Amino acid sequence: MNSSLLKIRTPEGIVFSQLLAGPVTRFLAWFIDVMCILALLETLGRLLILLQFVSSNLAGAVYTLGYFAISIGYGMACEWRWRGQTIGKKLFRLRVVDAEGLRLQFNQIVTRNLLRFVDALPAFYFVGGVACWLSPQCQRLGDLAANTIVIRNPRVAQPDLDQLSAGMFNSLRHYPHLAGRLRQRVSPLEAAIALQALLRRDEFAPIARLELFRDLAAHFRAKVAFPPEATDGITDEQFLRNVADVIYRTRANNRIENLAA
Amino acid sequence: MIIDLQRFIVAERPTWTELERLLNRLEAEPASRMSLEQLEHFHLLYERTAADLARITTFSAEPETRRYLENLVARAYGEIHETRDRPGRRAPLTWFFQTLPQTFRRHVRAFYVSLAITLAGCAFGGFALALDPTAKPVLMPFPHLLQDPTQRVAEEESATQDRLAGHKTSFSAFLMTHNIRVSIFTLALGMTWGVGTFLMLFSNGIMLGAVTADFIRAGETKFLVGWLLPHGAVEIPAILIAGQAGLMLALALIGRGARVPLGARLRAVSKDLVTLIGGVGLLLAWAGFVEAFLSQYHEPIIPYPAKIAFGLIELGLLFLFLARSGATQRPPP
């Protein structure tokens, strides 16, 4: 597998990326689907016990046809009903999509599922797994034939910018010319690093958190020299929160919020 | 300059929410259609959200909002730029009597190749058995075919009990599903650049040729034709059509002489492959039914001429269906 991202450029010149699912995640999703198929077959078998009293011949025929329909049709039916997802894929937040970002077609779903016959060879999807591993877009042979990819949709939460000391005193704001200079000198990447560090601060181990905020605070202190009365007596983390507040919130924005309230 | 993220989100969120609502509705009701005004509004929302994505990518590396917008733009892009026919409710009879035969005829050269490979296999199997009768277990590795043909015919014709009594339906279901699996496998092996499809067709041909030669050598031609023709008249062409589909897939994969990318070539044949394999499934369901309920019964229960006539009528109808059905209608886009 060469890359975990597929970038698509629209005719309008906008680039968006899709996070490709790796072979291991896909294998786990497939394992869940196999369990679902077995559960459906077990249910069918139990239901047919009643039919056996009427005709064991008919019950045998219905089970054979049911086994065939469930084992082949499960993937097709789920992916068509849930727009590229099966139960296993739902659990692992995977989705089958068109390789060019277009709408997934019924033909594509059928083709990729029929090609499982080859991908599953000789056992446990060995051929499909190897193809997936070697393919630049992590496609098994069925995906290649159907021109589809499997993407991962991690849970996307809206950014909670209220964590950036909303309504709290910010000593840096007493120096609007220096705050403006800070906004001018900080690059988007540096700003994003500060924001992410603050949003994920609870995920760090205590010592790592102290070290990280110490380094980041030192980096931003070097950008603009605020007077000591603005920076003395506050922790590195508080300083960084004030910096992010200056960068990501303006007074105009605060006015908008106040008006909205 | 850093974008004022929160102000940006507050200002633009209504656009994103509305686009998301429209996308959810489109995805929940694939058959729904929008009016021109709704389409223009949808396009406006898409363009504005795409522009927001461009802004946030350029000015702020905030990954969560970017990922959210990417997701929205990706979904809307698929709806706006898709030019292929939106799947709707199709009439099964139109599909069967028009789309299927038209698709078959459009790729009939692949069918001829499939037929030629099978005939080559037949010739090889027949010739090999005639040359070396002891090779029978190798050429036909199935216990019920290893018996001496004359002895088998004598046993079948003198049978007083119906050996399929009580499990004809389940036997029929087994034949249907087994043959459909083999056909799908033959199609899927097209992904081996056609090598697997070739081997499947050739090995089928070898067995068919060897069985034919075995019964002809034993002077049991009438029994053979009466036994194979009722179901074989449909089953063998169905396997050949599956081979045709496999070869189409291989041809798209190889792309010899084509100047379009691999993805576009495969996309072009995808719909036709599904149509052909759907037709194969129906043909094999019929063949499985006939094989269980008719082919296994011989004289004196059913006279051979009746069985042969039935098989010939089937073959003629199938030929007419594939050659003429839907010929006057315009093919689908």
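Against which helices of chain B do the buried residues of α5(B) pack? They pack against α4 (92–106), α6 (136–139), α10 (195–217) and α11 of chain B.

## Model and confidence

This is a predicted model, in which local features need pLDDT of at least 70 and side-chain atom pairs count only at pLDDT 80 or more, while totals for chains, interfaces and linings use all residues. Residues are numbered from 1 along each chain as its sequence is written, and chains are lettered from A and ligands numbered from 1 in the order in which they are written.

The model scores ipTM 0.86 and pTM 0.80. For chain B the mean pLDDT (the predictor's confidence in each residue, from 0 to 100) is 89, with 94% of its residues at 70 or more. Chain A averages 85, and 89% of its residues score at least 70. In residues 252–261 of chain A, pLDDT stays under 50, and the model has seven contacts beyond four places in sequence for this stretch; two residues are in contact if their C-beta atoms, placed from the backbone, lie within 7 Å. Where pLDDT is low, the predicted coordinates should not be read in detail.

## Helix α5 of chain B and its surroundings

Helices are DSSP runs of H or I with at least four residues, and strands are E runs of at least two, numbered from the N terminus. Helix α5 of chain B comprises 24 residues (108–131) and should span 34 Å at 1.5 Å a residue; its end C-alpha atoms are 34 Å apart, which agrees. The expected span is 1.5 Å times one less than the number of residues. The buried residues of α5(B) include Phe111(B), Ile117(B), Thr118(B), Gly121(B), Cys122(B) and Gly125(B). A residue is buried if 20 or more other C-beta atoms lie within 10 Å of its own, exposed if 12 or fewer, and partly exposed in between.

Gly205(B) lies in helix α10 of chain B. This glycine is buried because 25 other C-beta atoms lie within 10 Å. Among the residues that Gly205(B) touches are Ile117(B), Thr118(B), Gly121(B), Cys122(B) and Gly125(B). The C-alpha atoms of Gly205(B) and Ala116(B), 89 residues apart along the chain, are separated by 9.8 Å.

## Nonpolar cores

A nonpolar core is a set of buried Ala, Val, Leu, Ile, Met, Phe, Trp, Tyr and Cys residues joined through C-beta atoms within 7 Å. The largest has 86 residues, and Leu249(B) and Ile277(B) have the most contacts inside it. Helix α11 (residues 221–254) of chain B gives the most to this core, with 18 residues. A second, separate core of 23 residues includes Val224(A), Phe239(A), Leu5(B) and Ile9(B).

Leu249(B) touches Ala145(A), as well as Leu187(B), Gly190(B), Met191(B), Val269(B) and Leu273(B), not counting residues up to four places away in sequence.

## Interface between the chains

In total, 53 residues of chain B are in contact with 53 residues of chain A. On the side of chain B that touches chain A, the elements giving two or more residues are α1 (5–28), α2 (36–59), α3 (63–81), α9 (168–188) and α12 (262–295). Of these, α3(B) gives the most, with 12 residues.

## Chain A

The domain assignment of chain A, which is automatic or taken from a database, gives domain 1 (5–152) and domain 2 (161–260). Their C-alpha centres lie 47 Å apart.

Leu38(A) lies in helix α1 (residues 23–54) of chain A. Leu38(A) counts as exposed because it has 12 C-beta neighbours inside 10 Å.
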